[in-house]
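Dear colleague,

I am passing on the structure below for your own work, and after it I set out what was found. Please read the notes with the coordinates open beside you.

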Amino acid sequence: MAATVRASYYGGSGSEPAGVTAETGAKLNRDDTLNGTTPIPIPTATGTNYSWFKNMALEVTTLGATAISNRKLSLSGAPSAGLTLHFKASAYTQPTGGNQVAAAGTNDAVPATYTQITTTPTVYDAASVSAGSTGRNGSMALILAGISNLFVGGAGSATAFPNLIFTYDEA
Amino acid sequence: MDAYWIVIYRDGTTFMEVDDQGRVSSWAAAPHENVEELQFVNAAMRPFLRVLVPEGAEPVLFRRHRLELDPQAVEPLHDVIPCVGWRKGREAKYCFAVDGRIIETNDLQAV
């Protein structure tokens, strides 16, 4: 039987907490919450500022006699100019001001160790992991947003990205 | 599920994801040797995706899930794309059923 899988958010704890659904959206902010609105400053000169990262992963909610592999991330379209989204695979890490990605001196810079999320699905964890138990399946994807001096959308807590897409194989 | 897979072996025997008793098996539980054909069938047991597996090739079968997080939607958009195929050395063939079309490719990541 196929497993039931959702995209989950993990946060608000020093050690890995239980996942909560991220399928109704998330705000890429500068706090350790799913939907907080601590803002990311828009650079007033050439450069890129980043949100804190969010821990997101696939989570098996109803187990199946299958295995999941080839986990990928992509976007449903191109973001507005000056907005970028990035990921890296990791173990759970609580976001804090201390591990926040430092601002870059160029527009739309990709942070070191991160990969930009585009409309082309890109693997964040290829490993095959049994879906025979509930809980996180595969590694975390730490996801953060960048906002550069090219962004002209103005301030606000409802600036939208294209939809985030998780892709995975089940066999 | 509204699609199921069937493995047909060179000796004419079959292995079905859901057998006559309603028992469900995983692809990992199916023997992968001497596979002649892989199929996905609909609820009426009609094949809509199939591939012949050359002798000595490794059969490939999976469902590719696409989970799109749309805050405006009542629930996430969840597409399932079945794939059957094979690989042998540097050769490969993968067949995906996408939106009523069959896409044949040698690129496992093409869809």
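Strand β5 (residues 67-75) of chain A and β11(A) pair in the antiparallel sense over 6 bridges, where strands are DSSP runs of E of at least two residues, numbered from the N terminus, and two strands count as paired if DSSP finds at least two bridges between them. This is a predicted model, in which local features need pLDDT of at least 70 and side-chain atom pairs count only at pLDDT 80 or more, while totals for chains, interfaces and linings use all residues. Residues are numbered from 1 along each chain as its sequence is written, chains are lettered from A and ligands numbered from 1 in the order in which they are written, and side-chain values use heavy atoms, with hydrogens and water left out.

Within the pairing of β5(A) with β11(A), Ser74(A) stands opposite Ile165(A). β11(A) also pairs with strand β5 (residues 58-69) of chain B, again in the antiparallel sense, over 7 bridges, and there Arg64(B) is the bridge partner of Asp169(A).

Turning to charged side chains, the structure holds 11 salt bridges over all chains, a salt bridge being a side-chain nitrogen of Lys or Arg within 4 Å of a carboxyl oxygen of Asp or Glu. One of them joins Glu59(A) to Arg6(A), at 3.2 Å from N to O. Because Glu59(A) lies in strand β4 (residues 54-62) of chain A and Arg6(A) in strand β1 (residues 4-10) of chain A, this pair ties together parts that are 53 residues apart in sequence. Glu59(A) is buried at 11% relative accessibility, while Arg6(A) is partly exposed at 23%.

In chain B, Glu37(B) and Arg50(B) meet in a salt bridge of 2.8 Å, N to O; Glu37(B) is in strand β3 (residues 35-42) and Arg50(B) in strand β4 (residues 47-52), so the pair ties together parts 13 residues apart in sequence. Finally, Arg66(B), Glu68(B) and Asp79(B) are linked in a network of salt bridges.

How values were computed
Helices (H or I, at least four residues) and strands (E, at least two) are DSSP runs, numbered from the N terminus. Buried means under 20% relative accessible area, exposed over 50%, partly exposed in between (1.4 Å probe, protein chains only).
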